[in-house]
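Hi,

Here is the structure I promised to pass on to you. Have a look at it first, and then read on for what turned up.

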Amino acid sequence: MHHFSKCFHKRHHENYHACIGIIFSFMLWLVIPINPAFAYDNPDLLPDHPTPVIDLAKALTNGQRQNLEQRLEKFEADTGWKIRVLTQYDRTPGMAIKEFWELDERSLLLVADPRGGNLLNFNVGDALFALMPRTYWVELQTRFGNQYYVRDHGEDGAIVDALTAVESCLKRGGCQVVPGLPQEQWLLTLATSLVGGFVAGFAAYPRKKGEKIAWSWLLLLSPLWLMLFAIFGIAPVITRTSEVLPLVRNTLAFAGGSVSAYLIAQQTVGRQQLGRD
């Protein structure tokens, strides 16, 4: 009986450690992502001739691929920046792609893979980070690689538009943000400008008899409404586009929000406060 008990506890102890090992392995699998583009070597998928575009996923038409090849080759000859494009789905050359293209610090590899939540991934050379910071590449990925943009413009459109933004920034010597102002981003700046106007208008309503503008309150709340209007409403516009119309619209939204909030606060809260005084 004692021997059976020892065997049972021993077996229970071994099963316990086996379960812990399985759980630990599963947690590692969840936490440590595997990049499908560089998980292994499969040089058989590489072409037998030099080309800046490898379209394994057939995201581009033959005409688009040929035009993109000529465009990237000319850009490299003119600027010295090496841009390469790899599209993949269920097949990938893996680490072999680095040696095939001889990627270095002046290289950018765009990997288009629809299996993830975002179509686009970038392997960025160190020299490019000196011209475009990491936040630039995150914005580039989220703007052109998200599912809604791909649905509206196609995988080919997302790839070409992302490359156009990169080439534009490299030609001008670098960018801190991605050029262009998408409509959804402009609507966000418009909304923050309007809210900033509400805050400024509410702060400015008179609180004393004979007072037109409560300058002390307006200055007290200036960090808030200036942040909403200037930093979130104007700065994203002027850093991404040279168009004047978005600036005019945001300014009018701020002014309209200020006047509306001022009049409403004056006729409600302000009148009650002056009546008590």
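**A helix with a nonpolar face, and other finds**

Ile231 is found in helix H9, which covers residues 222–238. Together with Leu224, Met227 and Phe232, Ile231 makes a nonpolar surface patch of about 340 Å². Please keep in mind that this is a predicted model.

Glu99, Glu102, Asp104, Glu105 and Asp126 gather on the surface as a patch of negative charge. One of them, Glu105, sits in the loop that runs between helix H3 (96–101) and strand S3 (107–112).

Next, the pocket. The largest one has a volume of about 150 Å³. Its lining is made up of Pro47, His49, Thr51, Val53, Ile54, Asp55, Lys58, Leu60, Asn62, Arg65 and Glu69. At least two lining residues come from strand S1 (53–55), and at least two from helix H2 (62–79).

Two residues of that lining, Arg65 and Glu69, also pair with each other: their side chains form a salt bridge, at 3.2 Å from N to O. Both belong to helix H2, where four residues, about one turn of the helix, separate them. In total, the structure holds eight salt bridges.

Happy browsing, and do write back with any thoughts!

Best wishes

Terms used. Residues numbered from 1 in each chain as written. Predicted model: local features only at pLDDT ≥ 70, side-chain atom pairs only at ≥ 80, totals over all residues. Heavy atoms only, no water. Patch = residues over 30% accessible without salt bridge, like charges linked within 9 Å, V, L, I, M, F, W, Y side chains within 5 Å. Areas by Shrake-Rupley, 256 points an atom, 1.4 Å probe, with all protein chains shown as cover. Salt bridge = Lys/Arg side-chain N within 4 Å of Asp/Glu carboxyl O. Lys, Arg positive; Asp, Glu negative; His and termini not counted. Charge placed at Lys NZ, Arg CZ, Asp CG, Glu CD. 1 Å grid on protein atoms, 1.4 Å probe; cavity = no way out; pocket = protein on both sides within 12 Å on 5 of 7 lines; lining within 4 Å. Points joined across faces, edges and corners; volume = space filled by probe spheres on them.
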